[in-house]
Amino acid sequence: MLLEKVFAGLPENLKGLKAIFLYPLCSTFIVGLAMLGISGPMAAINQGMMEFLTGLSGSGAIVLGLAIGCMCAFDMGGPVNKAAYVTGTAMLTEARAAGVGTPTYEFGTNFMAAVSAACIVPPLITTFAVVVGKKYFSQEDHDAGIVNLILGCTHITEGAIPFMTKNIWPVMPIMMVGSSIGAILTIMFGVHDPAPHGGFLVLPVVDGGLQWVLAILAGTVVGGILFVIFKRCEYAKNQAEATPSVEAAPAVAEAAAPAEPAGGFVKPELVFCGQDFASRDEVLSFVSNEAVKAGVATDADELMAAFLKREGEGSTGMMDGFAIPHAKSAAVSDPAVIVVKDDAGVGFWDTMDSRPVNVAIALLIPGAEAGTTHLKLLSKVAEALMDEDFRAQVKGASDPSVIAGVINARLF
């Protein structure tokens, strides 16, 4: 908002520079100065948490697993979670350097497996809870919980955040309990994970994969049962206090649930082939401007800012040349999917396999549908990208109608 006011008087013929040059440059400079100011204290805090975890290496599986589980489930990707994850990756780096069979390798890969288990459990807890205790959840929560099955299995924890923010207490402790059980059992079972990310996608390289899955399921079931008990108590309390007018509200909410647009979310006119982009930000700027032209968004600058905010939380570059950038913004009037293809590949976009992005499947979601349509589309696209045939069909096609049909077939 501040930058919008600063550049409000920019000449009309230079306004195109705002989203792709001035906003990123100035915002990066401002954020850089802020980070420079807080980097010292934050570095000390993070280093302290990492040293705390490292110091527990000889404390036994229960103490170490409890610390890992609580840290990973505390803020779902925040500083505490990241301290545990970075510690795991650092130990994994040392493990690989030491070589297979060494004590350092055994401990580092076991620690990484525990961290991964602790990160996977929270979304799966919500899935278990909405299935077992379906009547205690709203339709919106039920749909989000089902989506979390895919997100959790692929190590995407953000789906559990809406459940925790609605009831910090006792949902956060419940998530911590489940994650801790998964981490403790992983350490006890002697599971070794040489991959730093990927969820169940990395099972083929995990030593003790079956035991790892059992540890994660144990944490999921215990956490899920506790979550259902809490929701049952909350449901009984609400029922006791409910009035007829309040009882009618869920039916209204269900009637207003978002539906798939006629013809699917992906329109052929919003599939752009044969493009040539120099960077990730150029792709996102193109998508933002095309969204405004198509009438699915009202403000390209605000939409661009939403895309960049999400990228700042973690790159949306996936693997095999695909990316799934997504923006949740009040500037989006209707849910939409915009697809862009660059056969030469877009550089300056972090991906899981360090390859350039050839296909970006951008998800545009109104802010009001952040917990429903957003998670549903994100999980469907993430699931589709695990299918080699799907990836080959999208990358091999050059007809927008064909590409739209292939993607729409996997969304619903």
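**Exercise 1.** Find how many bridges join strand β1 (residues 266-272) to β4, and in which direction the two strands run.

*Solution.* Start with the pair itself: 3 bridges join β1 to β4, and the strands run parallel. Strands count as paired if DSSP finds at least two bridges between them. Strands are DSSP runs of E, at least two residues, and helices are runs of H or I, at least four, numbered from the N terminus. Next, pick out one partner: V271 bridges to V339 in β4. Then turn to β5 (residues 357-366): 7 bridges join β4 to this strand, antiparallel. Here K341 has V359 in β5 as its bridge partner.

This is a predicted model, in which local features need pLDDT of at least 70, side-chain atom pairs count only at pLDDT 80 or more, and totals for chains, interfaces and linings use all residues. Residues are numbered from 1 along each chain as its sequence is written, and side-chain values use heavy atoms, leaving out hydrogens and water.

**Exercise 2.** Explain why β4 (residues 336-346) is largely enclosed by the rest of the structure.

*Solution.* Count buried residues (under 20% relative accessible area, 1.4 Å probe, protein chains only). In β4, 9 of the 11 residues are buried, so the strand is largely enclosed.

Key: Buried < 20%, exposed > 50% of the residue type's maximum accessible area, 1.4 Å probe, protein only.
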